[in-house]
Amino acid sequence: MISGVFGKKSLPLVVLFLVGLIFLPYAAPRFYIYLASVILVTGLLATSLNLVLGYGGLYQFHHAVFYGIGAYTTALMLTKTSLPTWVAFASAPVAAAFFGLLIGLICARLSSLHFGMLQISLGSLIWAIVYRWYDFTGGDDGIHGIPVPEAMSATTSSYYFILAITTLCLLLMFIIIKSPFGRILQALRDNPERCEAIGVNITRHRIIAMVIAALFAGAAGSLFVILEGSVFPELLSWTLSLEILIMCLLGGWFTFFGPMLGACLIISMRTFAGNYTEYWTLILGLMMMLTIFFLPKGVFGFINQLFSSKAPDLPLEESSHVAD
Amino acid sequence: MLQIRSLRKSFDGFLAVKEANLSVNPGEVVAVIGPNGAGKTTLFNLVSGQIRPDAGSIRFKGEDICGLRPHQLCRKGMSRSFQIVKIFSRMSVFENVQTAVISRMKKTSNLFIPAHNIAVKETEAILEAMGLIDKRDSICGLLSHGDQKVLEMAISLGSDPQLLILDEPTAGMSGEETARAIDLMKHLSRQRGLTILFCEHDVELVFSFADRIMVMQQGSTITQGTPDQVRNDPQVKKAYLGSHD
């Protein structure tokens with residue numbers, strides 16, 4: 001499988017890391033707990049994007065839409081209905097998955113960049129609706145003061161809730177990637193024509209992948225509501241989509257934990273460099289350029305390469321992208 | 001098993017395939033030969049559903065298959081390899097073949113069981129037969145060209161086809177590799193009873209191996225027959241083999 005850092009050897013590492021995260025609130029001040037929550041939520045979003053981007057080879061340029069839809073679904077259910085809280089949270093991934101299906105049905109037949117362009121347009125359309133529909137979504141003001149239950153909204157308890165859901169989602173995504181479905185998805189990325197020739201309905205497979213990715217993005221969106229207690233149209237904005245795309249590339253988009261690492265790097269940098277200069281994106285841009293030049297597989301991809309001699313360092317596209 | 005009648009396909013006014021006729025009986029090894037640009041690859045792409053014909057008919061096991069997508073044809077028992085290697089370059093050799101087997105077993109939508117221990121025996125049997133077993137875990141993007149071509153064949157076998165279509169299976173191979181590939185094809189035909197349709201540049205090689213040969217020139221079928229018939233066909237002599245005899 002691609003860059004197998006998560007083999008039997010690295011499992012203890014992952015567990016160790018998780019234990020560290022569980023004990024974080026005992027060691028770190030409140031601000032760092034909050035920061036860790038932000039990283040987890042954004043990292044989950046970036047990982048869900050990577051499911052279709054790195055593993056599926058689909059240029060899903062506007063993935064944040066599903067995140068926003070998830071967040072808005074939870075927010076609207078909590079403010080405008082009297083349904084139980086768990087329904088509000090459970091319906092976020094469902095709503096996002098539904099929109100994933102809708103956009104997937106329209107886009108999945110197109111190839112690479114055409115797919116990306118159409119996906120941006122459809123996503124921006126949804127953003128515009130949310131941005132303008134004052135009566136329903138609160139327009140550009142968003143929705144504030146969402147009644148999240150006390151037990152979930154305090155810094156530490158929200159951290160634990162977010163950690164639990166994120167871990168669960170990552171585990172599910174990892175299982176999906178290792179499943180036959182995930183295998184075919186990677187085959188589709190490596191060579192769509194060959195994939196079709198071995199009997200795979202590639203359009204259908206792509207749509208299912210988009211639905212799954214949207215589902216997890218929606219879950220991340222509902223976690224955002226717990227964290228912030230408010231939603232706003234920026235959650236569906238194209239800039240956020242770009243940001244998570246950069247996280248995937250920076251962390252390593254052919255690795256499972258790359259996007260999470262990317263989220264960690266970028267959010268920490270924004271927080272700390274943001275203290276000194278408002279032009280922190282300048283540093284980000286520079287880092288991105290250096291990454292592309294020197295670590296084309298991202299930070300995690302580079303680490304993988306150091307530890308496994310198996311990973312090839314040659315560009316592998318050659319054989320699969322030559323025109324017939 | 002496969003009947004092609006008056007097949008026609010044009011690209012932007014250029015008639016790549018004008019009047020192609022071909023029949024393949026079960027268990028046969030049929031070769032398509034013709035000079036460069038005769039329309040061999042286009043013909044194969046038409047048969048395997050990569051492109052749609054403008055006119056004519058293609059029947060596979062008695063059923064009209066015009067307009068079916070490649071994945072549907074694969075499900076009907078037709079599998080192909082490509083002239084330019086198309087493999088899953090980031091995966092290992094084993095995973096490449098296993099992926100085809102997984103697809104054939106219709107497990108592609110299974111989300112929750114690990115893929116790596118599905119159909120291990122079957123995949124290994126294919127690799128064994130194709131002589132790739134000792135390269136089982138190499139990343140296939142890094143294999144030699146000859147091995148990649150053989151891997152192409154192995155992936156096609158993963159679909160357990162009745163009809164195997166090979167588009168220039170020995171293109172770009174060294175003499176030694178070519179001999180090996182031909183041996184493999186003979187093995188597949190005799191041991192497994194596979195029907196094979198292939199096209200090839202090397203005329204001598206084709207005559208030594210194929211049961212029947214179809215000759216194409218400028219998009220049209222000139223003749224189809226046994227090697228002896230083709231060798232003695234005046235039209236073929238004139239058009240294609242003139243320099244050889």
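Me: Before we start, what are helix axes here, and how do their angles run?
Reply: Axes are lines fitted to C-alpha atoms, for helices over the stretch in contact. Angles run from 0 to 180 degrees between N-to-C directions. One more thing: this is a predicted model.

Me: OK. At what angle do helix 2 and helix 12 of chain A cross?
Reply: At roughly 75°. Helix 2 covers residues 30–53 and helix 12 covers residues 238–251. Their axes come within 9 Å.

Me: So what do we call that arrangement of helix 2 and helix 12 of chain A?
Reply: Angles of 65 to 115 degrees count as roughly perpendicular, so helix 2 of chain A is roughly perpendicular to helix 12 of chain A.

Me: Which residues make the contact?
Reply: Helix 2 of chain A brings A:Thr42, A:Leu45, A:Ala46, A:Leu49, A:Asn50 and A:Leu53. Helix 12 of chain A brings A:Ile244, A:Leu245, A:Met247 and A:Cys248.

Me: And how do they split by class?
Reply: Eight are nonpolar and two are polar. No charged residues take part in this contact.

Me: Zoom out. How many helices and strands are in chain A?
Reply: Chain A has 16 helices and zero strands.

Me: What share of chain A is buried?
Reply: 50% of its 324 residues count as buried. As for contacts in chain A with a separation of 6 or more, 77% join residues 24 or more positions apart.

Me: New topic. How is chain B divided?
Reply: Into domain 1 (1–77 + 161–245) and domain 2 (87–160). Their centres, taken over C-alpha atoms, are 25 Å apart. Where they touch, domain 1 of chain B gives eleven residues and domain 2 of chain B gives nine.

Me: Which element gives the most on the domain 1 side?
Reply: Helix 6 of chain B, with three residues. By class, that side has eight nonpolar, two polar and one charged residues.

Me: Last one. How many residues of chain B are in contact with chain A?
Reply: 37, and they meet 32 residues of chain A. Helix 2 (70–75), helix 3 (93–104) and helix 5 (145–158) of chain B each supply at least two on the chain B side. Helix 3 of chain B gives the most, with six residues. The chain B side divides into 18 nonpolar, twelve polar and seven charged residues.

Key: Residues numbered from 1 in each chain as written. Chains lettered and ligands numbered in written order. Predicted model: local features only at pLDDT ≥ 70, side-chain atom pairs only at ≥ 80, totals over all residues. Helix = DSSP H or I, 4+ residues; strand = E, 2+ residues; numbered from the N terminus. Buried ≥ 20, exposed ≤ 12 C-beta atoms within 10 Å, placed from the backbone. Contact = placed C-beta atoms within 7 Å. Domains from an automatic or database assignment. Nonpolar A, V, L, I, M, F, W, Y, C, P; charged D, E, K, R; others polar. Parallel < 35°, antiparallel > 145°, perpendicular 65-115°, else oblique.
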